[in-house]
Amino acid sequence: MPDNIIVASGPSGATYNMATDDGFGASADAQVQIIKPVFGDTTTSTRVSNTNPMPVQLFSGFSGGSTASIIEDGELKVKGTLNIGNQIAIHGSTAAYLKVIVAGGVTGSGLSGDIGSVDNPAVYSAVEVTGAVQGISGGQALTVSATDLDIRNLSAGVIGYSGVTLTDSVAVQGISGGMAVSVSATDLDIRNLTATDVVTVVGTTASNVGVTGTVTAIATNLDIRDLAAGTDSVAVYNSAGGTTLPVDLYAAGTALGVSGDALKVAFDSVTGVTFSVNVASNIGVSNTAGTTLAVEGKAGMVPVKVDGAGVGDSVIVSATDLDIRSLVASDQVTVVGDLVSHGATTAAQITQANQKIGTLNNTVTAVGGKVDTANTSLTKLSDSVITIGKDKLVKTSMDRVTPPSDIYVATVKVSGAGKPLASATLQNGVTIKSSSDNTGKIYIGSTSLINNTNNGFPLLPGEELFLNILDPSKIFVRTDSTSSTIHVIGS
């Protein structure tokens with residue numbers, strides 16, 4: 001059957017063809033009309049073509065017929081939620097790539113041009129992305145714009161090792177309602193440490209560093225190492241801070257005694273001890289109270305002077321037929337009275353005195369030997385004394401130095417009026433540092449600093465000064481006028 005149907009136009013006799021084609025209808029030979037769609041208002045009709053495609057609006061089937069999408073300026077815009085069952089593919093020509101903008105709510109400037117472009121800037125809400133984001137082979141590179149963006153490997157290293165500078169740090173924390181972060185590890189044990197746990201601290205050479213007990217190290221410029229004989233020195237002071245070191249002398253484990261500035265010497269034996277003793281020209285000999293001291297002369301000796309109780313220390317002599325003259329060899333002297341009765345006793349006492357004097361001589365001889373021994377010890381001690389300037393120091397050996405048991409720390413506000421530091425008992429001195437936040441100079445000195453800053457040692461902000469002193473209250477600090485802060489530490 002031929003296509004098309006001829007339609008008469010009317011009285012004029014003109015005819016027109018209606019486009020039809022073979023099709024299937026009520027009978028096998030039915031013609032199906034071919035219709036060319038148009039669009040427009042009541043006065044215009046525009047045929048659908050590649051140049052003028054049919055405008056289409058989509059309506060929701062379950063929302064009362066409300067518009068769910070719209071085509072505007074050549075773009076399909078979807079309102080509401082767009083559910084994609086499997087996947088959506090967006091293809092462009094082989095010569096160029098399509099621009100795809102994925103964004104949340106957007107507010108344009110109302111200008112012309114693409115949303116988000118320079119001519120039409122826009123503010124987009126964040127879009128949640130679940131899963132991995134990756135590029136494609138041959139795809140166009142994405143431009144990332146940021147302030148202070150630093151994309152690189154993080155820098156890390158062993159804490160305390162100077163070979164790697166620690167410049168990066170990463171903080172990981174949860175947020176309220178956030179998604180949990182999975183941590184994958186072998187034998188991961190996150191808990192509080194107990195007394196049975198062992199923590200190993202590894203040094204720069206990967207050797208274990210053992211620490212026993214509590215170790216607290218607070219110091220400025222702390223240098224823990226073996227002392228070197230060529231560059232290091234150790235100063236030993238007495239408990240009062242003087243340069244003279246007191247020395248205790250021991251004999252067989254027992255301390256030797258002293259009396260004032262003299263050495264006390266005691267001798268247990270007098271055997272084989274001899275020494276010379278200087279005795280005064282006048283020696284007084286007395287007896288115990290109530291007894292008589294007998295005096296006996298000896299041939300060839302100096303006469304003994306006897307002072308009596310009479311006038312001018314004269315001796316009162318009472319006798320009958322007194323004959324005062326020089327005695328001769330033929331003269332006889334008879335002694336009567338109490339002197340005769342006490343003669344034997346006096347002789348016995350003189351004998352005892354002689355025995356005691358002999359014992360005393362032996363004792364003095366023994367003392368002389370022990371004094372010689374003491375002189376030898378003192379000579380050896382004198383060899384251990386060296387003179388430095390006006391000070392005399394004793395050579396000693398030392399196997400260890402006992403460090404201080406406490407530290408002295410203070411932060412002091414300083415103004416124009418000078419004031420001393422707080423009193424404390426120090427052993428190794430004190431370090432004074434001017435706070436780096438200060439704007440003026442700090443002056444360090446003694447009491448004369450109160451009257452004039454020229455009497456002090458100046459410190460700029462951040463500078464520090466060490467003073468080897470036992471009591472920090474002897475140190476005075478002040479400023480020109482501005483209130484400043486100093487930090488003090490000592491031990």
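Here are some numbered notes on this predicted model, going from the whole chain down to single residues.

1. **The chain as a whole.** Let's start with the overall make-up. The chain has 491 residues, and 11% of them count as buried. Its secondary structure consists of one helix and 26 strands. The accessible surface comes to about 40600 Å², with carbon and sulfur atoms contributing 54% of that area. Taking the contacts with a separation of 6 or more, 51% are between residues 24 or more positions apart.

2. Which strand does E19 pair with, and over how many bridges? The partner is strand E26 (residues 484-490), joined to E19 by seven bridges in an antiparallel arrangement.

3. **Strand E21 and its two partners.** Strand E21 covers residues 430-434 and is mostly covered, with four of its five residues buried. Towards E26, E21 makes five bridges, and the two strands run antiparallel. Towards E24, E21 makes four bridges, again in the antiparallel sense. Ile432 is a handy residue for seeing both pairings: it stands opposite Leu465 in E24, and its bridge partner in E26 is Val488.

4. Is Thr425 buried or exposed? At 78% relative accessibility, Thr425 counts as exposed, because the cut-off for that class is over 50%. In sequence, Thr425 and Pro472 are 47 residues apart, while their C-alpha atoms are separated by 8.0 Å.

5. What does Thr453 touch, once its neighbours within four places in sequence are set aside? Its contacts are Tyr443, Arg478, Thr479 and Asp480.

6. **Ile35, out in a loop.** Moving to another part of the chain, Ile35 sits in the loop between strand E4 (31-33) and strand E5 (38-39). Its relative accessibility is 65%, so Ile35 counts as exposed. Ile35 and Thr20 are 15 residues apart in sequence, and their C-alpha atoms are 8.6 Å apart in space.

7. **Salt bridges.** Side chains of opposite charge can pair when their charged atoms come close. How many salt bridges does the model contain? The count comes to two. One joins Asp197 to Arg191, with the closest N and O atoms 2.8 Å apart. Both of these residues are partly exposed: Asp197 has a relative accessible area of 24%, and Arg191 is at 43%. The other joins Arg225 to Asp232, and here too the closest N and O atoms are 2.8 Å apart. Arg225 is partly exposed at 44%, and Asp232 is partly exposed at 22%.

8. **A nonpolar patch on the surface.** Val247, Leu249, Leu256, Val258, Leu263, Val265 and Leu378 make a nonpolar surface patch of about 520 Å². Among them, Val258 lies in strand E15 (residues 258-259). Val258 is exposed, with a relative accessible area of 57%.

Key: Residues numbered from 1 in each chain as written. Predicted model: local features only at pLDDT ≥ 70, side-chain atom pairs only at ≥ 80, totals over all residues. Heavy atoms only, no water. Pairing = 2+ DSSP bridges. Salt bridge = Lys/Arg side-chain N within 4 Å of Asp/Glu carboxyl O. Buried < 20%, exposed > 50% of the residue type's maximum accessible area, 1.4 Å probe, protein only. Patch = residues over 30% accessible without salt bridge, like charges linked within 9 Å, V, L, I, M, F, W, Y side chains within 5 Å. Areas by Shrake-Rupley, 256 points an atom, 1.4 Å probe, with all protein chains shown as cover. Contact = heavy atoms within 4.5 Å.
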